[in-house]
Amino acid sequence: MLTNSDPEFMLKAPGLSIELRTIAEKVCNGERISNEDALLLFNEGSISFTGGLANFIREKKHGNNTYFNRNFHLEPTNVCLYTCTFCSYSRLIKKREDGWEYTHDEMMEMIRKYDDLPVTEVHIVGGVLPQYDVKFYTNLFKAIKQHRPELHIKALTPVEYHYMFKKEKISYEEGMQLMKDAGLDSMPGGGAEIFHPEIRDQIAGGKCSGDQWLRIHEIWHGYGCKSNATMLYGHIEKYWHRVDHLDQLRQLQDKTNGFQTFIPLKFRNENNQLSHIPEVSSVEDLRNYAISRIYLDNFDHIKAYWPMIGRDMAQLSLAFGVDDIDGTIDDTTKIYSMAGSEEQNPALTTEQLVKLIKRVGRRPIERDTLYNIIQDYSAFEFQDDQEYKGYVSLPVV
Ligand code: V47
Ligand code: SF4
């Protein structure tokens, strides 16, 4: 039987132009698509055609496996020196009384709240302020490791690192080594926005450039460490800016193979300086996931971040190239609720995440940050009313 992820099915799609057929042939033969191909898919690929190609790659790489982890976020501050126009989260220094600025001890208190819970990762990211410097973060990472050595620290982005290393007058190489020695395990994908200066200067002026973002990841990968990458889409950029962004990520990945996951982040328009720009449609979100999956042939994973896109869309995205839906979160991030996401208090239990994945016919796999498999939940069973009943652990195949 032919399914929509069967190559033959896609090559037989009625009315397919020669150019689109050539893209489908490349995908079926495991060949890389070009920037022009990606642009053509954005402009002319139907959602079923593009989604089918992405699903074909997704299933070739991962079958039905869909990954998630048990994590929580720590956001040291929402006061920030920068004024990114898309950001609903930050409070300007002159209005800092409206925000929060946690101390070392307050942050350790939050870490201790998870002592009896089976979380595997803390994701630390927030605003940029002078007091959150190299000393602050190296002390924090050391204290976390001393308290709970097995908790994976995924923390900060080149935006914070560039700022604090410059202030400290140390090189990126020295700075990242200090972070590694203090206990940093991996870097999240934030701060990438859109690399091209034509857009970056308008939406994220003053913070690290696209080249600096890429350079810090390259150095980190050179130390044998892993990181993620994001792209903030659906605001003032054009399709070709997205393709340029993906191109730069693919080129760096060819050099280092240090990226694990690509996470497209949909611009949400509440409470920020770009609120006049309408959000893109759900079809556009699915198209963007699918083209990211097709283009980034050297990335293992594509993630849909459910607190940003909502649970329904995260489920749908699993048929459009996505194989990871992040983690339990435990209501510990405010970035997206403040920007208008439908997820106002993002928290899912493991059971809820498993159920979400199973309801769309995929196989829920709990992973750690580095994609070591912790548990396969495929034998979860649901009663008629779709309530979670229990699970048995299965060997992973
Ligand atoms: O860099 C801020 C984005 C990012 C808005 O690596 C917005 O696993 C949309 O990078 N609309 C931070 N996006 C979050 C991030 C992330 C999230 C989940 C997982 C991982 C990972 C990384 O959030 C920022 C910025 O691009 N952002 N405001 C907004 N209004
Ligand atoms: Fe600051 Fe990050 Fe918001 Fe930009 S996106 S204003 S750097 S918190």
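This is a predicted model: local features need pLDDT of at least 70, side-chain atom pairs count only at pLDDT 80 or more; totals for chains, interfaces and linings use all residues.
Modeller: Residues are numbered from 1 along each chain as its sequence is written, chains are lettered from A and ligands numbered from 1 in the order in which they are written, and side-chain values use heavy atoms, with hydrogens and water left out.

Biologist: How many helices and strands does the protein have?

Modeller: Helices (H or I, at least four residues) and strands (E, at least two) are DSSP runs, numbered from the N terminus. On that basis the secondary structure comes to 15 helices and 15 strands.

Biologist: Are the axes of H2 and H4 roughly parallel or roughly antiparallel?

Modeller: Axes are lines fitted to C-alpha atoms, for helices over the stretch in contact, and angles run from 0 to 180 degrees between N-to-C directions. The axes of H2 (residues 18–28) and H4 (residues 47–62) come within 10 Å and cross at roughly 10°. Angles under 35 degrees count as roughly parallel, over 145 as roughly antiparallel, 65 to 115 as roughly perpendicular and the rest as oblique. H2 is therefore, relative to H4, roughly parallel.

Biologist: How many of the 14 residues of H12 are buried?

Modeller: Buried means under 20% relative accessible area, exposed over 50%, and partly exposed in between (1.4 Å probe, protein chains only). The buried residues of H12 include Glu284, Asp285, Arg287 and Arg293. Helix H12 is largely enclosed by the rest of the structure, because the buried residues among its 14 number 12.

Biologist: Is Leu156 buried or exposed?

Modeller: Leu156 lies in the loop between strand E6 (152–155) and helix H7 (158–168). Its phi is positive, about 60°, although Leu156 is not a glycine. Most residues other than glycine have a negative phi. With a relative accessibility of 0%, Leu156 counts as buried.

Biologist: Is Lys169 buried or exposed?

Modeller: Lys169 occupies the loop between H7 and helix H8 (172–182). Lys169 also has a positive phi of about 60° without being a glycine. Given a relative accessible area of 75%, Lys169 is exposed.
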